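User: I am new to this structure and should like to understand the terms used to describe it. Please set each value against its definition.

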Amino acid sequence: MITSRPEGTAAAMPDVTAITPPLTRLSDEEQLLRATVRTFAERDIAPLVREMDATAEIPRKLIDQLFELGIMGIEIPERFGGADGHFFLSVIAVEELSRVDPSVAVVVDVQNTLVINALLRWGSPDLQQRFLPMLASHSVGAYALSEAAAGSDAFALATSAKRDGDDYVLTGRKLWITNANEADLFIVFANVDPESGHRGITAFLVERDTVGFSVGKKEDKLGIRASSTCELLLDGCHVPSANILGEVGHGYKVAIETLNEGRIGIAAQMVGLAQGALDHTMSYVQERRQFGRTVSDFQAVQFQLAQATTELEAARLVTYNAARLRDASAPFLTESAMAKLFTSQVAERVTSLALQLFGGVGYTKDYPVEKLYRDAKIGQIYEGTSNVQLQTIAKQIMPRPT
């Protein structure tokens, strides 16, 4: 498990009690991880944030550091080289990274909550033996579900998979695939029997160097710019039948169950980036002076920050609750949807307030809140839009016909 501090950082370790809200009861292991990731983010990521946003790229050296820190394989068992941790630790890591840069955080999030999680649940012993050690040590994973006509309607897939001896031949085009530029391993969803609708959807593990597979256009995005989002091209891509994740025709189940957990990771991202924006703002309003006194002296500002702090703590708690339920193997579908819905709304409000209280300089790239404001918007879009979350919640709470 991740229990050691980054080398050479003992003197710089933050006071854990100062960064853990009293209502969020964390174990010693969880508090140590929070402090370790926070130190790493502030020391190694923060100096690179502006350049990464401008170039829309995360340096490979930084990704390697994420592996060295042990947070790219949190739930991978120790026998495969992983940290042998639990899901809640992934939530903490994503939250803390997002305080500094949500782009780096989503790399860790997709790796843990989607790719590794799917392999642990649906992968055969052979697939786990082949791929988990590489995901724990050096390989980035990506999750390829979305297509041009399959966004919120995730199962309207056009990508096909036709049997050819011991292989399946995948043909189609995927869009909006996070981590695609860096990934070595992709979970690709394709339909082996389009006439059967979603019952033909199957999940395949596709390695980057597979013949007929290529990474296409990289999107030029509004926010989380350093996180790569690309199209995937599958043109006669031969994948061994042994690389099927789960069973043929069960891909829809793999997708649904994995995304339910992934949404908790996105909620953690929203909480983290909102906290980062609020931290910057709390400091700035005590420095900026208007009408002969600091902005923080104005009651109107104090009330706005009090409201933002309250909403953010509520967002954190609903996220932690969903994560705890998942770790307890209790139902968490509704709580996951609530967490993603609410945290994305809070993140947009908090970052907007932050930019507003910075005044004119907040609208420039010289201060970090402008970037966090841009980064926040994606929370209401990917891994299930806000309307999809509302639909999910409504289905669970509305009485069913008898």
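Analyst: Contact means heavy atoms within 4.5 Å. This is a predicted model, in which local features need pLDDT of at least 70 and side-chain atom pairs count only at pLDDT 80 or more, while totals for chains, interfaces and linings use all residues. Residues are numbered from 1 along each chain as its sequence is written, and side-chain values use heavy atoms, with hydrogens and water left out. Leaving aside neighbours within four places in sequence, M72 is in contact with L66, F67, V107, V108, Q111, N112, I116, L135 and V140.

User: Why does M72 count as buried?

Analyst: Buried means under 20% relative accessible area, exposed over 50%, and partly exposed in between (1.4 Å probe, protein chains only). M72 has 1% relative accessibility, and therefore counts as buried. M72 is found in the loop between helix 4 and helix 5 (87-100); helices (H or I, at least four residues) and strands (E, at least two) are DSSP runs, numbered from the N terminus.

User: How do you know that the span of helix 7 agrees with its number of residues?

Analyst: The expected span is 1.5 Å times one less than the number of residues. For the 13 residues of helix 7 (residues 125-137) this gives 18 Å, and the end C-alpha atoms are 18 Å apart, so the two agree. Helix 7 has a kink of about 30° at F131, shortly before the proline P133; the bend at a residue is the angle between axes fitted to the seven residues ending there and the seven starting there. Among the buried residues of helix 7 are L127, F131 and L135.

User: What makes Y284 and Y367 an edge-to-face aromatic pair?

Analyst: Rings of Phe, Tyr and Trp (its six-membered ring) pair if their centres lie within 6.5 Å; planes under 30 degrees apart count as stacked, over 60 as edge-to-face and the rest as tilted. The structure holds eight aromatic pairs. In one of them, Y284 and Y367 are 5.8 Å apart centre to centre, with 70° between the planes, and the pair is edge-to-face. This pair links distant parts of the chain, 83 residues apart.

User: Why is Y284 called buried and Y367 partly exposed?

Analyst: Y284 has a relative accessible area of 14%, so it is buried. Y367, at 31%, is therefore partly exposed. F358 also forms an edge-to-face pair with Y367, at 5.6 Å centre to centre and 65° between the planes. Y284, F358 and Y367 form one aromatic cluster.
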